[in-house]
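Please read it alongside the sequence and the coordinates.

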Amino acid sequence: MKGVVFTEFMELVEARMGLDMLDRIIIEANLPNDGAYTSVGTYDHAELVRLVVALSNASGLAIPALIHLFGQHLFQRFSVGYPALFADASNTYDFLSRIDDVIHVEVRKLYPDAELPKLPCERPAPGELVLMYSSPRGFADLAAGLIDGCIAHFKETISVTRTDLPMEGNLHRTRFHLVSAPAAGA
């Protein structure tokens, strides 16, 4: 997992819960590098899991809720840090539909060794999008947070139904069905 994910997680913890909390979870997580991450490095995703578990233990917040919150934060940070990735998207569906074929291609240019989830989309009807998440890491809660962050970024009213599917080999799979609210007066 790319270091930018780790550095953003630490920034979120420090901003929302303080430096003391960040120090506490780094110590509790007993990380091999004592929490020293660089944004361009590559690290074992299990270390992020250890940090999240430590934060859950210290804060009393549920792990899925923490990961979801982090996904929302991460989307906002990506929108600020990588505005070119948003240039051709005018709404949530446009943006999400571009992840696998456009955005992940650009991510791989920056980080050739990045191990990215698969996020194919289909548009079954106007005002609907189905996004399929699959990854050996099983961070569907992060994907859900990123999706909600995307919806907030574009200031849209969209409901999301999440269905966790059986694993396929080593892949965790989740289906996200997004439906736009009907237009006023429709």
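The points below are grouped by topic and refer to a predicted model.

Two cavities of 30 Å³ or more are present in the structure. Strands β3 and β4 form an antiparallel pair, and K2 is a buried residue in the segment before α1.

**Largest cavity**

- The lining of the largest cavity consists of F9, L12, V13, R16, M17, L55, L66 and L69.
- Two elements, α1 (3–17) and α4 (63–81), each give two or more residues to this lining.
- Helix α1 provides five residues, the largest share of the lining of the largest cavity.
- By class, seven of the lining residues of the largest cavity are nonpolar, one is charged and none is polar.

**Second largest cavity**

- L48, V52, I67, F70, F139 and L142 line the second largest cavity.
- At least two residues of this lining come from α3 (45–59), and at least two come from α4.
- The lining of the second largest cavity has six nonpolar residues, with no polar and no charged ones.

**Strands β3 and β4**

- Strand β3 spans residues 158–168 and strand β4 spans residues 171–180.
- The two strands pair in the antiparallel sense over nine bridges.
- Within this pairing, L165 stands opposite R173 in β4.
- The hairpin of β3 and β4 has two residues between the strands, and G169 takes a positive phi near 65° there.
- In a regular strand, side chains alternate between the two faces of the sheet.

**K2**

- K2 lies in the segment before α1.
- The relative accessible area of K2 is 10%, and K2 is therefore classed as buried, the cut-off being under 20%.
- With neighbours within four places in sequence left aside, K2 is in contact with V40, G41, T42, Y111, D113 and A114.

Notes:
Residues numbered from 1 in each chain as written. Predicted model: local features only at pLDDT ≥ 70, side-chain atom pairs only at ≥ 80, totals over all residues. Heavy atoms only, no water. 1 Å grid on protein atoms, 1.4 Å probe; cavity = no way out; pocket = protein on both sides within 12 Å on 5 of 7 lines; lining within 4 Å. Points joined across faces, edges and corners; volume = space filled by probe spheres on them. Helix = DSSP H or I, 4+ residues; strand = E, 2+ residues; numbered from the N terminus. Nonpolar A, V, L, I, M, F, W, Y, C, P; charged D, E, K, R; others polar. Pairing = 2+ DSSP bridges. Buried < 20%, exposed > 50% of the residue type's maximum accessible area, 1.4 Å probe, protein only. Contact = heavy atoms within 4.5 Å.
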